Amino acid sequence: KELVDQQPRLGFREVLGFVTQVYASSHADDWHGDSQQRREQIGWFNGEVRAALSGMRHELAAEQIIGAIPDGIEIEYDDDSSDEERINRELNGIDMTVLVHGVPVDIDVKASSRSEAEHNAQAASYRDSTTAIWSHAHDEDFIPNGFRLPPKVAAARAEAMKQDLTAARNSDSWRKSA
């Protein structure tokens with residue numbers, strides 16, 4: 001995620017292709033000449049990477065949209081956390097912590113607008129206090145082949161995100177870990 005965040009000129013298709021090529025090259029001996037198995041494994045890997053990159057770009061979109069909210073809501077960055085702490089947060093389904101009018105809310109950003117109940121049921125498997133929040137971005141909203149939203153799109157989605165984050169703050173889910 002840091003790579004695509006810090007290198008905004010990287011394209012989605014290029015990153016996907018590069019990572020898939022590295023996998024295929026580094027595992028070339030695994031298939032012992034079986035081209036069917038090779039195609040299946042590379043196809044599986046490509047799908048897994050595509051899903052991971054899509055999740056990353058929706059996390060970045062959520063950050064952009066939250067950044068466009070005028071007041072009272074901001075991302076709490078964990079710049080002082082160790083790599084281990086950041087990995088543990090990610091493994092526990094916490095993509096970011098958002099301060100919603102002074103209250104920290106751990107959120108798990110989702111790429112689809114499934115119902116909040118469905119997302120929260122999935123998030124519950126990670127940690128009781130994590131709230132699933134839709135990124136408020138559709139795949140077609142992203143800059144073509146990119147990982148970012150146009151600023152006007154992010155600004156247009158800010159009010160809906162603010163409402164969801166305020167509802168998350170007011171729910172009981174964040175209180176479970178307090």
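This is a predicted model: local features need pLDDT of at least 70, side-chain atom pairs count only at pLDDT 80 or more; totals for chains, interfaces and linings use all residues.
How many of the five residues of strand E4 are buried?

Let's begin with the nonpolar core. The largest one has 24 residues. Those with the most contacts inside it are Ile66, Met96, Val98, Ile107, Leu149, Met161 and Leu165. Two or more residues each come from helix H3 (35-67), strand E1 (73-76), strand E2 (96-100), strand E3 (103-110) and helix H6 (151-170). Of these, H6 gives the most, with six residues. There is also another core, lying apart from this one, with 13 residues, including Val15, Ala24, Val49 and Leu60. As background, nonpolar side chains in soluble globular proteins tend to be buried together.

Now please find H6. Its 20 residues should span 28 Å at 1.5 Å a residue, and the C-alpha atoms at its ends are 28 Å apart, so the two agree.

Five of its five residues are buried, so E4 is largely enclosed by the rest of the structure. You can check this from both faces: Thr130, Ala132 and Trp134 are buried on one side, and Thr131 and Ile133 are buried on the other. E4 pairs with E3 in the parallel sense, over five bridges. If you'd like a place to look, Asp108 stands opposite Ala132 in E4.

Next, Ile107. Setting aside neighbours within four places in sequence, Ile107 is in contact with Thr130, Thr131 and Ile133, and also with Ile66, Gly93, Ile94, Asp95, Met96, Val98 and Leu165.

My last stop is Thr97, in strand E2. Is this threonine buried or exposed? Thr97 has a relative accessible area of 4%, and the cut-off for buried is under 20%, so Thr97 counts as buried. Its side chain is joined to that of Arg89 by a polar contact of 2.5 Å. Beyond its neighbours within four places in sequence, Thr97 also touches Glu74, Ile75, Glu76, Pro104, Val105 and Asp106.

Notes
Residues are numbered from 1 along each chain as its sequence is written. Side-chain values use heavy atoms; hydrogens and water are left out. A nonpolar core is a set of buried Ala, Val, Leu, Ile, Met, Phe, Trp, Tyr and Cys residues joined through side-chain atoms within 4.5 Å. Buried means under 20% relative accessible area, exposed over 50%, partly exposed in between (1.4 Å probe, protein chains only). Helices (H or I, at least four residues) and strands (E, at least two) are DSSP runs, numbered from the N terminus. Contact means heavy atoms within 4.5 Å. The expected span of a helix is 1.5 Å times one less than its number of residues. A polar contact is a pair of N or O atoms within 3.5 Å; within protein, one must be able to donate a hydrogen and the other to accept it, and residues adjacent in sequence count only if both atoms are side-chain atoms. Two strands pair if DSSP finds at least two bridges between them.
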